[in-house]
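Thanks for coming. I have one structure to show today, and I will go through it piece by piece.

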Amino acid sequence: MSQKTKCLTNGAIYHTHIHDSFVSVKVDIPFELNIGKKEAKILTKLIHNQMELVLRPYFKQANR
């Protein structure tokens, strides 16, 4: 169970779908991001890394 924490992304609406073989997350943000390709690549890598941290325990369980 997650712990209640202060919201750091006020106004963001998270859409999370968890199924047997996939997890997806979409976030609607209350402003235009206005970033270029270089920063978009960095953001993609950061999101990837954070998702790995969240999902890692389930991979350890699956490898048992």
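N34 sits in the loop between β2 and α1. This is a predicted model, so please hear everything I say as computed from predicted coordinates. The backbone at N34 has a positive phi of about 50°, although the residue is not a glycine. Is N34 buried or exposed? N34 is exposed, because its relative accessible area is 67% and the cut-off for exposed is over 50%.

Now to the strands before that loop. β1 covers residues 13–18 and β2 covers 23–28. The two strands form a hairpin, with 4 residues between them. They run antiparallel, and 6 bridges join them. Which residues face each other across the pair? I18 has V23 in β2 as its bridge partner, and H17 stands opposite S24, also in β2.

Next, charges. How many salt bridges does a search of the whole structure find? The search finds 1. The salt bridge joins the side chains of K26 and D28, at 3.2 Å from N to O. In general, side chains of opposite charge can pair when their charged atoms come close. On accessibility, K26 has a relative value of 48%, so K26 counts as partly exposed.

α1 spans residues 37–62. With 26 residues, α1 reaches 35 Å from its first C-alpha to its last, which is close to the 38 Å expected at 1.5 Å a residue. Where is the kink in α1? The kink lies at L55, shortly before the proline P57, and comes to about 45°.

Then the surface. A nonpolar patch there is formed by Y14, I18, V23, V25, V27, I29, F31, L33, I42, L43, L46 and I47. Together these residues have about 1,100 Å² of accessible area. The elements that give two or more residues to the patch are β1, β2 and α1. Which element gives the largest share? That is α1, with 4 residues. On helices in general, there are 3.6 residues a turn, so residues three or four places apart point the same way.

L43 lies in helix α1, and it counts as partly exposed because its relative accessibility is 33%. Y14 lies in strand β1. At 48% relative accessibility, Y14 is partly exposed too. Y14 and I29, another member of the patch, are 15 residues apart in sequence and 8.8 Å apart in space, C-alpha to C-alpha.

Last, the segment before β1, where A12 lies. Is A12 buried or exposed? A12 counts as buried, because its relative accessibility is 19% and the cut-off for buried is under 20%. From A12 to Y58 there are 46 residues in sequence, and the C-alpha atoms of the two are 26 Å apart in space.

To recap: β1 and β2 make a hairpin, α1 has a kink at L55, and the one salt bridge found is between K26 and D28. I will take questions now.

Terms used. Residues are numbered from 1 along each chain as its sequence is written. This is a predicted model: local features need pLDDT of at least 70, side-chain atom pairs count only at pLDDT 80 or more; totals for chains, interfaces and linings use all residues. Side-chain values use heavy atoms; hydrogens and water are left out. Patches are made of residues with over 30% relative accessible area and no salt bridge: like charges are joined within 9 Å, nonpolar side chains (Val, Leu, Ile, Met, Phe, Trp, Tyr) within 5 Å. Accessible areas come from the Shrake-Rupley method with a 1.4 Å probe; for residues, only the protein chains shown count as cover. A salt bridge is a side-chain nitrogen of Lys or Arg within 4 Å of a carboxyl oxygen of Asp or Glu. Buried means under 20% relative accessible area, exposed over 50%, partly exposed in between (1.4 Å probe, protein chains only). The expected span of a helix is 1.5 Å times one less than its number of residues. The bend at a residue is the angle between axes fitted to the seven residues ending there and the seven starting there. Two strands pair if DSSP finds at least two bridges between them.
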